[in-house]
Amino acid sequence: MGRIVAIGGGELDTTHKINKYIVGMTEKKNPNMLFVRIIMREEKS
């Protein structure tokens, strides 16, 4: 059965340790990965 791992916050270049751990969970030589970037802005009041 497959796994879905979701994390929030951070950037790919600042979350290297957790990214490496998640990729290692696949136990595959060339795992697939999807990065969805969501840009949010705070409204000015």
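## Nonpolar surface patch

V5, I7, I18 and Y21 make up a nonpolar patch on the surface. Their accessible area together is about 390 Å². Patch members have over 30% relative accessible area and no salt bridge, and nonpolar side chains are joined within 5 Å. A salt bridge here is a side-chain nitrogen of Lys or Arg within 4 Å of a carboxyl oxygen of Asp or Glu. Areas come from the Shrake-Rupley method with a 1.4 Å probe.

I18 sits in helix α1, residues 16-25; helices are DSSP runs (H or I, at least four residues). I18 counts as partly exposed because its relative accessibility is 36% (buried is under 20%, exposed over 50%, partly exposed in between).

## Model basis

This is a predicted model: local features need pLDDT of at least 70, side-chain atom pairs count only at pLDDT 80 or more, and totals for chains, interfaces and linings use all residues. Residues are numbered from 1 along each chain as its sequence is written, and side-chain values use heavy atoms, with hydrogens and water left out.

## After the helix

E27 lies in the segment after α1. Its phi is near 55 degrees, a positive value in a residue other than glycine. Most residues other than glycine have a negative phi. E27 counts as exposed, at 76% relative accessibility.

R41 is also placed in the segment after α1. R41 counts as exposed, at 79% relative accessibility.

Terms used
Patches are made of residues with over 30% relative accessible area and no salt bridge: like charges are joined within 9 Å, nonpolar side chains (Val, Leu, Ile, Met, Phe, Trp, Tyr) within 5 Å. Helices (H or I, at least four residues) and strands (E, at least two) are DSSP runs, numbered from the N terminus. Buried means under 20% relative accessible area, exposed over 50%, partly exposed in between (1.4 Å probe, protein chains only).
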